[in-house]
Amino acid sequence: MLSLKSTFKSLVELNPHEFHANLAKYNKSRMSVGIPLSNWEEVENANLKFRILEGRYIEGLRSAIQPWINGHEGSADHFSEWFASMLDWAPGQHHPLFNWLAEEANLEEMKWFLTQEAAGEAGFEDLVACTQVKLPVQVKLECARNYWDEMGRGKAGAMHGPLLERMIYGLGLKPTIETTVWESLALGNLMLGLANTRRYTYQALGALGAIELTAPLRAAKVAQGMKRLGLSQKISGYFDLHAVLDVLHSQTWISEIVHPLVSSNSESAKFMAEGALMRLKCGHQCFDRYCDELGLNFESKNSVF
């Protein structure tokens, strides 16, 4: 009988889709509203195995990105500048996939891309809500402001989640775990693992900040491609919004979360750097896999990460 450690190694190395599909199913169950069950102890024991496998996956990512967090050390001002600079050099940035989506992809190719992205979406508002527990006041307030924007400032029609669902429904997309590439599943698994594990709170804040920092340029390219293909603003609204709003979110995330945390605890810088680079590494893996699936061959793909 395989040990838990052997099971983890064999699934991740030999069948990453099976590993991440199973972890995604566990996460779906973990995040769903439940009811008391008579076999709750059995369920908790099964969940513990997934949490350990999840932890080993995250620790593997932490090890993989260590060579690229050099240079983050220093004052809170320095780290804030370093964090913002990831927009230029971090994995996945300025990936040629997005110019192709903006300028060349046909409707079916765009729909395939959007289906993969929808399947890997972890729900930013829920991630923020989970991460902000017991954080310092200034940081918690910025998380709350960000969450309020994600919630459409109290208007159901402006909530970001339903905007994404409107796009999925309008295009007839059918995202499923089984038909999603493992790299997209891994991205969602990473974000849920960080946000739901208190020892990774700083990593979660770094990963969320990296999303806010880097998403606008990609969202703008996707929105451009959707408009080129004649899709309505009702369909492209999710990307239109993030192309603009996340620029402000990125600035305030750095000034109201990253900077004060490093000012009060310099050790947090390393962990936030880890989270940001883990998230961006996973995103880069997705973009390269999408290119492979779409038959694209870009020489500028960044294989270093």
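**Entry 1: T180**

I looked up T180 and found it in the loop between α9 (160-171) and α10 (182-195). Helices here are DSSP runs of H or I with at least four residues, numbered from the N terminus. The model is predicted: local features need pLDDT of at least 70, side-chain atom pairs count only at pLDDT 80 or more, and totals for chains, interfaces and linings use all residues. Residues are numbered from 1 along each chain as its sequence is written, and side-chain values use heavy atoms, with hydrogens and water left out.

Is T180 buried or exposed? T180 is buried, because its relative accessible area is 3%. The cut-offs I used are under 20% relative accessible area for buried, over 50% for exposed and partly exposed in between, with a 1.4 Å probe and protein chains only.

I then listed the contacts of T180, leaving out residues up to four places away in sequence: H17, Q116, A119 and L185. Contact means heavy atoms within 4.5 Å. I also checked M191, which is eleven residues from T180 along the chain; their C-alpha atoms are separated by 17 Å.

**Entry 2: L192**

I moved on to L192, which lies in helix α10. L192 has a relative accessible area of 11%, so it is buried. Not counting residues up to four places away in sequence, L192 touches N27, R30, M31, A122 and L127. I looked up V43 as well: L192 and V43 are 149 residues apart in sequence, and 19 Å apart in space from C-alpha to C-alpha.

I found Q203 in helix α11. Q203 counts as buried because its relative accessibility is 2%. With neighbours within four places in sequence left aside, Q203 is in contact with R62, L194, F271, E274, G275, A276 and M278.

Next I looked at how α11 (residues 201-228) sits against α13 (residues 268-294). The axes of α11 and α13 come within 7 Å and cross at roughly 45°. Axes are lines fitted to C-alpha atoms, for helices over the stretch in contact, and angles run from 0 to 180 degrees between N-to-C directions. The two helices are therefore oblique to each other. Under 35 degrees counts as roughly parallel, over 145 as roughly antiparallel, 65 to 115 as roughly perpendicular and the rest as oblique.

The crossing of α11 and α13 is right-handed. The near helix is turned clockwise from the far one in a right-handed crossing, and anticlockwise by less than a right angle in a left-handed one.

Which residues in α11 meet α13? I noted Y202, Q203, L205, G206, A207, A210, I211, T214 and R218 in α11. Among their partners in α13 are F271, M272, E274 and F287. The residues of this contact divide into eleven nonpolar, five polar and three charged. Nonpolar covers Ala, Val, Leu, Ile, Met, Phe, Trp, Tyr, Cys and Pro; charged covers Asp, Glu, Lys and Arg; polar covers the others, Gly among them.

**Entry 3: α4 and α11**

I kept α11 in view and turned to α4 (residues 76-89). The axes of α4 and α11 come within 10 Å and cross at roughly 45°, so α4 and α11 are oblique to each other. α4 passes α11 in a right-handed crossing. F83, A84, M86 and L87 in α4 meet G206, G209, A210, L213, T214 and L217 in α11.

**Entry 4: α5 and α6**

How far apart are the axes of α5 and α6? The axes of α5 (residues 96-103) and α6 (residues 107-119) are 10 Å apart, and the helices pack at an angle of about 135°. That makes α5 oblique to α6. Their crossing is left-handed. L97, F98, W100 and L101 of α5 make the contact with E109, M110 and F113 of α6. I noted six nonpolar residues, no polar ones and one charged.

**Entry 5: the core**

I looked up the largest nonpolar core, which has 83 residues; L97, L114 and M167 touch the most other members. Such a core is a set of buried Ala, Val, Leu, Ile, Met, Phe, Trp, Tyr and Cys residues joined through side-chain atoms within 4.5 Å. The largest share of this core, 13 residues, comes from α13.

Most residues other than glycine have a negative phi. K134 is not a glycine but has a positive phi of about 65°. K134 is exposed, with a relative accessible area of 78%.
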